[in-house]
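Please look over the two-chain model below before reading on.

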Amino acid sequence: MRKQSKNFFADKDIQLILGTLLRVGVIASISVVLLGGFIYLYSNYAGTINYGKFNPDKSGLSSVAAIFHGMAHFDGSAIIQFGVLLLIFTPVARVIFSVFSFLIERDYLYVLIGLFVLCIILYSLSDKLVG
Amino acid sequence: MSVLLFTVIVLIGAFLAGLVGSLTGLGGGVIIIPLLTLGLGVDIHYAIGASIISVIATSSGSAAAYVKEGITNIRIGMFLEIATTISAILGAVITVYINPGYIAVIFGLILLFSAAMMVRKKVDHSDNNTSGKLAVFFKLNGTYPTENGVKEYAVHNVVGGFLMMFVAGVISGLLGIGSGALKVIAMDNIMRIPFKVSTTTSNFMMGVTAAASAIVYLHRGQIDPGIAMPVTVGVLLGATIGSKILVKTKTDKLKIVFAIVVAFLAFQMIYNGLSGRL
């Protein structure tokens, strides 16, 4: 019985590109977070913080639209939040890439599995889940 | 507390959490949540939001190094992600309906469990004998490089592993941690995957799992930039340096010391959760 996957060497190439993709994503998003962090500290360093009670509306940056709006005004918090978004989408980009690579390998079962995982994540993007 | 002081304290704390977390294999989230809640009086919902972001950063950062070595089994990861993403979203959705005190208690119990798993002797159950029909159908069996050439391995009990991953995903979404200890149970003990493959594959999956619940947290306003920034930067920096030291040092003694610290934090979380202080 043949147990191993067929395209071991093709898999290795894919893994190499995947690794680079993840690394680039992390470096890019951390750079954005740092940039936003400096602007945020520069304009807020003397202010006081109070995170003692959870308030959903406090940051005002809980949607993609709000984040982009804040970025247009060079708001440090919004830039940090954009970096966080990039970080969240790094593994999602990885799933998208895997779907394509399985497509090239003609492994349709895993194309389906990948698309299914992607659908679950995209579903969480709709804010219906947040009551 | 001023913004600057808060940022500096969290940055240093997150750096240490990332460093020790990567040296002991426990991850940064388990330390960063007690630090924020017990140490700095931050609401546990904010702490969870910041922690999940650091999980994505460390997972993606180290997965990049692992996949290049060709040990990660992408098919196993992808297949089990079906379970972990659904359950992580589920966990993230229900977390606000649960009394914060109970979340602290659950967190404490998971901490105790993780500490026990960390000091326990690991036994490799992997073999290349018989393999179930499901493992063959989903092409989960694979190979990995060793000193004596390429070694083949077979995956067992796919259904059991899948269900355990579902539990791990709920915990991850509920508490904002990677729940690596539960994933190890699923992969090492139930599916009997070799260590080298299970560690890297579980780490690889962690990013996608965390991303699913992080989006829910973001929408709910649980991710505050003022906390997320120092936590993410600190943990990532600590974890990167930790993985560089890891190659050169023996961590057995450190693990025992750290297990005691974690157990202490666990009891603190449980006590504060039960007395309604969190």
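Glu105(A) and Arg75(B) form a salt bridge, with their closest N and O atoms 3.0 Å apart. The model is a predicted one. Between chain B and chain A the count is four salt bridges. The area buried between the two chains is about 6300 Å².

**Interface: extent**

- Chain B brings 74 residues to the contact, and chain A brings 68 residues.
- Arg75(B), Met78(B) and His219(B) supply 12% of the area that chain B buries against chain A, more than any other three residues.
- Carbon and sulfur atoms give 71% of the area buried between the chains.
- The size of an interface is often given as the accessible area lost when the parts come together.

**Interface: polar links and the side of chain B**

- Across the interface, 16 residue pairs are in polar contact, with both residues at pLDDT 80 or more.
- On chain B, the elements that give two or more residues to the side touching chain A include the helices α1 (3-24), α3 (44-69), α4 (74-94) and α6 (133-137).
- Also among them are the strands β1 (142-146) and β2 (149-153), along with α9 (195-220) and α10 (225-246) of chain B.
- The largest share of that side, 13 residues, comes from α3(B).
- By class, the side of chain B that touches chain A has 44 nonpolar, 21 polar and nine charged residues.

**Helix α8 of chain B**

- Helix α8(B) spans residues 180-190 and is mostly covered, with eight of its 11 residues buried.
- The buried residues are Ala181(B), Leu182(B), Lys183(B), Val184(B), Ile185(B), Ala186(B), Met187(B) and Asp188(B).
- Lys183(B) and Asp188(B) are among these buried residues, and both count as charged by class.
- What do the buried residues of α8(B) pack against? Their partners in chain B are α4, α5 (100-119), α7 (158-175) and α9.
- Arg192(B) follows α8(B) and has a positive phi, near 55°.

**Positive phi in loops**

- Most residues other than glycine have a negative phi.
- Arg106(A) is not a glycine, yet its phi is positive, at about 60°.
- Arg106(A) lies in the loop between α3 (76-104) and α4 (108-125) of chain A.
- Is Arg106(A) buried or exposed? Arg106(A) counts as exposed because its relative accessibility is 61%, and the cut-off for exposed is over 50%.
- Lys139(B), another residue other than glycine, has a positive phi near 55°.
- Lys139(B) sits in the loop between α6 and β1 of chain B.
- With a relative accessible area of 25%, Lys139(B) is partly exposed, because that class lies between under 20% and over 50%.

**Chain A overall**

- Chain A has four helices and zero strands.
- Along the sequence, the pattern of chain A reads α-α-α-α.
- Chain A has 131 residues, of which 46% count as buried.
- Of the contacts in chain A between residues at least 6 apart in sequence, 59% join residues at least 24 apart.
- The accessible surface of chain A comes to about 7200 Å².
- Carbon and sulfur atoms account for 69% of that accessible surface.

Terms used. Residues are numbered from 1 along each chain as its sequence is written. Chains are lettered from A and ligands numbered from 1 in the order in which they are written. This is a predicted model: local features need pLDDT of at least 70, side-chain atom pairs count only at pLDDT 80 or more; totals for chains, interfaces and linings use all residues. Side-chain values use heavy atoms; hydrogens and water are left out. Contact means heavy atoms within 4.5 Å. Buried area is the accessible area (1.4 Å probe) that two parts lose on being put together, summed over both. A salt bridge is a side-chain nitrogen of Lys or Arg within 4 Å of a carboxyl oxygen of Asp or Glu. A polar contact is a pair of N or O atoms within 3.5 Å; within protein, one must be able to donate a hydrogen and the other to accept it, and residues adjacent in sequence count only if both atoms are side-chain atoms. Buried means under 20% relative accessible area, exposed over 50%, partly exposed in between (1.4 Å probe, protein chains only). Accessible areas come from the Shrake-Rupley method with a 1.4 Å probe; for residues, only the protein chains shown count as cover.
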